[in-house]
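Subject: Handover of a structure and notes on its contents

Dear colleague,

Please find below the structure that I am handing over to you. My notes on it follow directly after.

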Amino acid sequence: MTPNVKPLLAAVGLALLAVSDASAQDRRLTTRLDSATAAQVTRLVDSVRVAGLPADPLIGVALEGATRRASAERIVGAVREYASALGSARQALGERAQSDEIVSGAGVIVAGVTPTAVESMRAARPTGLLTVPLVVLADLVARGVPADSAAATVADALRNGARDDELSEFRRRVERDILAGAKPTTAMSIRTRDLPGGRSRGMQPPRMPNAPRMRRPGPR
Amino acid sequence: MTDDRDDRDERNFQRAAAELRTPSARDDAALDDVLVAIRGEAASRFASDDAGDPTGDWEHARLRRRSRRRGAVWLVAGLAAAVAFAAGLGVGGFAGWRLRGESYRAAMEDLGMRRVPPVVPANVSAGALGVRQPVQFMLVAPAASRVALVGEFNDWDPIATPMARAPGGAWHVALPLADGRHVYAFVVDGSAWVPDPQAPLAPERWFGSRNSVMLVGGGRTQ
């Protein structure tokens with residue numbers, strides 16, 4: 001076998017593998033969706049795969065819609081919106097972004113965070129993974145924090161060197177405060193003080209109603 | 001001098017207030033120990049299963065070791081029941097799984113403060129070794145007659161992953177998951193979708209109620 005034939009055979013093998021994989025995924029769709037909807041979803045999935053983007057989440061959305069008995073229009077609309085967001089997320093996160101980063105980025109973009117804000121997060125952490133910060137941002141937005149201020153807070157924290165575990169703890173505390181009755185924006189602003197570099201940014205905690213006020217005696 | 005004393009008083013006051021605001025820190029630590037024990041037990045069981053399977057195919061190994069895994073499930077069930085009672089979420093804690101006012105919210109908050117971190121630390125991940133990491137899912141729903149776990153990992157099939165009920169109304173299941181991002185929810189009584197109160201919410205909201213997100217392996221992509 002000549003050396004020139006080997007790469008060709010390898011390429012054909014990879015193509016066959018890709019085709020067989022796509023067929024399997026099509027079967028998943030065709031068993032749960034009507035044929036027209038499955039065909040539309042499959043076209044979107046194929047286009048995303050050709051673009052080198054993670055396609056499995058699109059299939060997941062379609063299957064979730066089928067389980068929840070959503071209409072065909074709604075399923076196709078969700079898959080189309082997600083596919084578009086995946087492209088925007090990769091553009092914002094860079095060509096070297098990993099698939100979980102891209103999927104998480106697409107999620108926050110769908111939730112209302114601008115691709116520019118995602119870009120600023122990448123700029124704040126140019127080399128490390130952004131999956132956890134994006135999950136934290138998504139949770140803040142889902143709990144009612146305005147997307148722009150949540151994104152700015154997370155980006156600031158990243159610029160100040162916040163680690164993933166610090167961001168996860170921050171999210172947990174904000175969630176706890178919201179469940180206890182705090183307004184989402186207030187909860188985030190107060191808990192921002194616990195993040196690196198956050199003491200100068202966050203709001204001061206409200207004084208407890210029954211707490212004794214410290215009197216500063218002056219000259220009499 | 002006076003300013004120094006004021007500052008010191010203020011610091012002491014803030015420290016005391018912080019202590020008072022921290023609920024049952026010792027309980028948290030004890031419960032964390034129990035949860036670590038559960039996860040450690042499950043991890044060692046799954047790891048030993050995979051180690052004995054030269055193909056590395058977990059599904060194949062699962063079929064051959066069903067009886068041993070059933071024992072592990074019962075062990076996890078027992079420990080989960082103990083955890084539920086230890087956390088004060090036993091019978092009568094609240095009336096049902098639906099949002100019914102302060103008692104449920106307090107119970108959920110209580111559960112939230114005593115939980116396995118939804119972002120599993122990278123240093124406990126076995127994904128790099130080719131071993132899927134067992135993840136414990138739990139939902140407190142005493143009034144439910146059945147609860148299932150659905151997610152991308154089981155193609156959102158509400159029949160694929162039923163959860164077991166422990167005394168006290170804590171439903172649980174352990175599932176081996178690869179490193180990465182997983183979106184999931186609980187289906188209560190076959191129709192109501194409930195996000196995991198212990199995990200971050202998923203941003204996507206395509207079809208009604210929100211789902212939850214779990215990062216296995218600290219957010220690394222496999």
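In strand 4 of chain B, B:Trp171 stands opposite B:Arg165. Please bear in mind that this is a predicted model. The pairing in question joins strand 3 and strand 4 (residues 170–177) of chain B, which run in the antiparallel sense over 3 bridges. Strand 4 of chain B also pairs with strand 1 of chain B, again in the antiparallel sense, and here the count is 8 bridges. Within strand 4 of chain B, B:Ala174 is the residue that stands opposite B:Gln136.

Together these strands form an open sheet of 3 strands in chain B, with the order 1-4-3 and antiparallel pairing. Strand 1 (133–140) and strand 3 (164–166) of chain B each have a single partner strand and stand at the edges, so one side of each has no neighbour in the sheet. On average, neighbouring strands of this sheet are turned by 35° against each other, direction ignored. Although strand 1 of chain B stands at an edge, this strand is mostly covered, with 7 of its 8 residues buried.

As to chain B as a whole, it contains 5 helices and 7 strands. Their pattern along the sequence is α-α-α-α-α-β-β-β-β-β-β-β. Of the 222 residues in chain B, 36% are buried. Among contacts in chain B between residues at least 6 apart in sequence, 71% join residues at least 24 apart.

I turn next to the nonpolar core. The largest one has 96 residues, of which A:Leu58, A:Ala62, A:Val79 and A:Leu137 touch the most other members. Helix 4 of chain A supplies the largest share of this core, 11 residues. For A:Ala62, leaving aside neighbours within four places in sequence, the contacts are A:Leu29, A:Leu33, A:Val41, A:Ile75 and A:Val79.

A:Gly60 belongs to helix 3 (residues 56–67) of chain A. Is A:Gly60 buried or exposed? This residue counts as buried because it has 23 C-beta neighbours inside 10 Å, where 20 or more are required. Not counting residues up to four places away in sequence, A:Gly60 touches B:Glu152, B:Trp156 and B:Val183. Within chain A, the C-alpha atoms of A:Gly60 and A:Leu29 are separated by 9.6 Å, the two residues being 31 residues apart along the chain.

Two further helices of chain A deserve a note. In helix 6 (residues 115–124), the buried residues are A:Ala117, A:Val118, A:Met121 and A:Arg122. They lie on the same side of helix 6 of chain A because they cover an arc of only 150° around the axis. The exposed residues A:Thr116 and A:Ala123 are carried by the face of helix 6 turned away from its buried side. The buried residues of helix 6 pack against helix 4 (72–93), helix 5 (99–110), helix 7 and helix 8 of chain A.

In helix 10 (residues 184–191) of chain A, the buried residues are A:Pro184, A:Ala187, A:Met188, A:Ser189 and A:Arg191. Their packing partners are helix 7 (131–142), helix 8 (147–159) and helix 9 (164–179) of chain A.

With kind regards

Methods
Residues numbered from 1 in each chain as written. Chains lettered and ligands numbered in written order. Predicted model: local features only at pLDDT ≥ 70, side-chain atom pairs only at ≥ 80, totals over all residues. Helix = DSSP H or I, 4+ residues; strand = E, 2+ residues; numbered from the N terminus. Buried ≥ 20, exposed ≤ 12 C-beta atoms within 10 Å, placed from the backbone. Contact = placed C-beta atoms within 7 Å. Arc of directions from axis to C-beta. Pairing = 2+ DSSP bridges. Axes fitted to C-alpha atoms, helices over the stretch in contact; angles between N-to-C directions. Core = buried A, V, L, I, M, F, W, Y, C linked by C-beta atoms within 7 Å.
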